[in-house]
Amino acid sequence: MRKAILRTALAAAACLGLALPARAGATLDAVKARGQLICGVHNGIAGFALPDGRGVWQGLDADLCRAVAVALFNDPNKVRFTPLSSSTRFTALGSGEVDVLFRTSTHTMMRDVTLGLRAITPYFYDGHGFMVRSSANIAKASELAGATICLVSGTTNELVTADYFRTIGQSFTPVLFERTDQALGALQAGRCDAFGTDASQLAAGRSSMPSPGDWTILAERFSKEPYGPYVRRGDDEWFDVIRYTVNALMEAEERGITAANVEQMRRESTNPDTRRLLGVTPELGQALKLDPAWVVNIVKAMGNYGEIYDRHMGPRTPVGLARGPNELWTKGGLHYPLPMR
């Protein structure tokens, strides 16, 4: 009952844009004592978080949750996935229902400063787009003036779409849904002329359709959508564990450390930064209250960031997204891992 009351209060405050008090707490100690990480994820979108035929969650977000579990317990299975809708994800985190969100959640200023939560670090860069039926021969979003557009409630895409049509002086009719699969179903049924959301989710949704070739994702992008994990405000220790777990995956890729060679790199590398990252010297793990070999354990179990991306989002997957802005900065992308020293 108390949790339900708190969630209701948090939801009301979020709707009103009110700042919430800091909820300082030893999340790291609580998770370790429980022996399991509780991770909030999408309620079903290919490439990010979607149960496979055996009921095992697969996707970039799911594997980032597992990476945290490995950092804490050296066991990727010590995580419980909690599927959350766009409208409930932040209140679920604020109420303590989950320990962390890895749920296609854009890092925005207002979310970061008004919800009693803390956005951490981008792990995926995206942008708002529109998907239409190929037979409609629509090439630009401006051709959707007066159209009916499917949107998911509680997302930044509602505002982005409204802002775009306001900017071009045209109207549209929004049709809101709680879940992405509902919006996709309505689009296929002809209830909407287009579906507006982030391009990666459009690609993921299209990959699950019976005839993906019948659908076109327009080339234009109308927003910046950097996805990042969220935690409760006021717990810097837990913030640091999540931040540097994501960072370590990118740093490992930059240094050419993979699931296949991580043990050899730990034994043989003479590079001081690599040795520090892989726990030959223990200061990184000590600073986070983790095992000195926490990064070795993560990469052995999950691979580096690029390996995780390619497994779930890359060109050889049904989603089929090239790295683009999600490449490392050394290859023209936006991922620039912080120095691990």
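1. A crossing is right-handed if the near helix is turned clockwise from the far one by less than a right angle, and left-handed if anticlockwise. By that convention, α9 makes a right-handed crossing with α13, and α3 and α13 also cross in a right-handed way. Helices here are DSSP runs (H or I, at least four residues; strands are E, at least two), numbered from the N terminus.

2. Housekeeping: the model is predicted, with local features needing pLDDT of at least 70 and side-chain atom pairs 80 or more, while totals for chains, interfaces and linings use all residues. Residues count from 1 along each chain as its sequence is written, and side-chain values use heavy atoms, without hydrogens or water.

3. On to α9 (residues 236–254) and α13: their axes (lines fitted to C-alpha atoms over the stretch in contact, with angles from 0 to 180 degrees between N-to-C directions) come within 10 Å and cross at roughly 70 degrees. The two are therefore roughly perpendicular (65 to 115 degrees; under 35 is roughly parallel, over 145 roughly antiparallel, the rest oblique). From α9, Y244, T245, A248, L249 and A252 touch W294, V295, I298 and V299 of α13 (contact: heavy atoms within 4.5 Å). This contact has 8 nonpolar residues, 1 polar and no charged (nonpolar: Ala, Val, Leu, Ile, Met, Phe, Trp, Tyr, Cys, Pro; charged: Asp, Glu, Lys, Arg; polar: the others, Gly among them).

4. Then α3 (residues 60–73) against α13 (residues 294–302): the axes come within 8 Å, crossing at roughly 140 degrees, which makes the pair oblique. D63, R66, A67, V70 and A71 of α3 meet W294, N297, I298, A301 and M302 of α13. By class, that is 7 nonpolar, 1 polar and 2 charged.

5. Which residues lie nearest the centre of the largest cavity? They are S86, T104, T155, N157 and Q201, from a lining of 16 (a cavity is a 1 Å grid set, over protein atoms alone, where a 1.4 Å probe fits but cannot get out; lining residues have an atom within 4 Å of a point). The lining divides into 2 nonpolar, 10 polar and 4 charged residues, with α6 (156–167) and β11 (194–198) each supplying at least two.

6. Last, the second largest pocket (an open set with protein on both sides within 12 Å along at least five of seven lines): D126, A199, S200, R221 and L321 lie nearest the centre, among 19 lining residues. Strand β7 (124–126) and helix α8 (199–207) each give two or more of these; α8 has the largest share, 4 residues. This lining has 10 nonpolar, 5 polar and 4 charged residues.
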